[in-house]
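Subject: The structure I promised you

Hello,

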Amino acid sequence: MTVLARDIMTPSVKAVPESWTMDHLARFLTEHEITGSPVANDHGDIVGIATLKDIAEFRWSSDRKPRAWARLTPEEQLEVRRLRLAFLEEMTRLPVEVRDIMTPLVFSVDETTPVRDIADIMMGEHLHRIFVRKDKKITGIITTYDMLKLISDKSLTRRCADGD
């Protein structure tokens, strides 16, 4: 019997509001020991995903030197540093919201999708998590951890092998 999405998904999806601050998101992810969460709009619809990687990339990009740095004169480099510091100082006064850093693309599969197809999608798109839906409603999430269950759980491993 083929193993389906609904057989390995985590049914409780912890969605965060897109209006949360980035710091609130970081605390939430840390407290729940997860690396990412779906993002919901004011109507409760999933509109994206926000991860620790998104937070790190936002923080890292604010410290990064522009590609043309080597072509600038020392005076121009000094001016760029001054402007960047002034800009970042202003940015810290405004909280960065989840909607500002999230990935707005939501990948999902139907509950009846075979796990082999899910593995192909996750590997092809370089995903660490994918949502599971029934009709248009998100009913769960499958993470790389959930996919590892296929190897560690002998009965699931047999079902995968028998499904071929």
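Two strands are taken to pair when DSSP finds at least two bridges between them. With that in hand, Val-109 has Val-132 as its bridge partner in S5. Please keep in mind throughout that this is a predicted model.

The overall picture

The chain has 8 helices and 6 strands. Read from the N terminus, they come in the order α-β-α-β-β-α-α-α-β-α-β-β-α-α. There are 164 residues, of which 31% count as buried. If we take contacts between residues at least 6 apart in sequence, 57% of them join residues at least 24 apart.

The sheet with S4, S5 and S6

The pair I began with belongs to an open sheet of 3 strands, ordered S4-S5-S6, in which the pairing is mixed. On average, and ignoring direction, neighbouring strands here are turned by 35 degrees against each other. S4 and S5 (residues 129–134) run parallel and are joined by 3 bridges. Helix H6 packs on this sheet and touches S4, S5 and S6, with its direction at about 135 degrees to that of S5.

Between S4 (108–110) and H6 (115–125) there is a loop, and Thr-113 sits in it. Is Thr-113 buried or exposed? Its relative accessibility is 15%, and because the cut-off for buried is under 20%, Thr-113 counts as buried. Its side chain reaches back to the backbone oxygen of Asp-110, at 2.9 Å. Beyond the neighbours within four places in sequence, Thr-113 is in contact with Val-3, Leu-4, Ala-5 and Ile-118.

The sheet with S1, S2 and S3

A second open sheet to look at also has 3 strands and mixed pairing, this time in the order S1-S2-S3. Here S1 (16–17) and S3 (46–51) stand at the edges with a single partner strand each, so one side of each has no neighbour in the sheet. S2 and S3 run antiparallel, with 5 bridges between them. One of the residue pairs to look for is Ala-40 with Ile-46, its bridge partner in S3. Helix H2 packs on this sheet, touching S1, S2 and S3, and its direction makes about 130 degrees with that of S2.

Within S2 (residues 36–40), Ser-37 is worth a click. Ser-37 has 0% relative accessibility and therefore counts as buried. Its contacts, leaving aside neighbours within four places in sequence, are Lys-14, Ala-15, Val-16, Phe-28, Leu-29, Gly-48, Ile-49 and Ala-50.

Which residues of H2 (residues 22–31) are buried? They are Met-22, Leu-25, Phe-28 and Leu-29. These residues cover an arc of only 120 degrees around the axis, which means they lie on the same side of H2. As background, an α-helix has 3.6 residues a turn, so residues three or four places apart point the same way. Thr-30 and Glu-31 are exposed, on the face of H2 turned away from the buried side. Just after H2 comes Glu-33, with a positive phi of about 50 degrees.

Last, Thr-21 is placed in the loop between S1 and H2. With a relative accessible area of 28%, Thr-21 is partly exposed. A polar atom of its side chain lies 3.0 Å from the backbone nitrogen of His-24. Apart from neighbours within four places in sequence, Thr-21 is in contact with Pro-95, Val-96, Glu-97 and Val-98. Thr-21 and Asp-100 are 79 residues apart in sequence, while their C-alpha atoms are 9.2 Å apart in space.

Note on methods:
Residues are numbered from 1 along each chain as its sequence is written. This is a predicted model: local features need pLDDT of at least 70, side-chain atom pairs count only at pLDDT 80 or more; totals for chains, interfaces and linings use all residues. Side-chain values use heavy atoms; hydrogens and water are left out. Helices (H or I, at least four residues) and strands (E, at least two) are DSSP runs, numbered from the N terminus. Buried means under 20% relative accessible area, exposed over 50%, partly exposed in between (1.4 Å probe, protein chains only). A polar contact is a pair of N or O atoms within 3.5 Å; within protein, one must be able to donate a hydrogen and the other to accept it, and residues adjacent in sequence count only if both atoms are side-chain atoms. Contact means heavy atoms within 4.5 Å. The arc is that of the directions from the helix axis to the C-beta atoms. Axes are lines fitted to C-alpha atoms, for helices over the stretch in contact, and angles run from 0 to 180 degrees between N-to-C directions.
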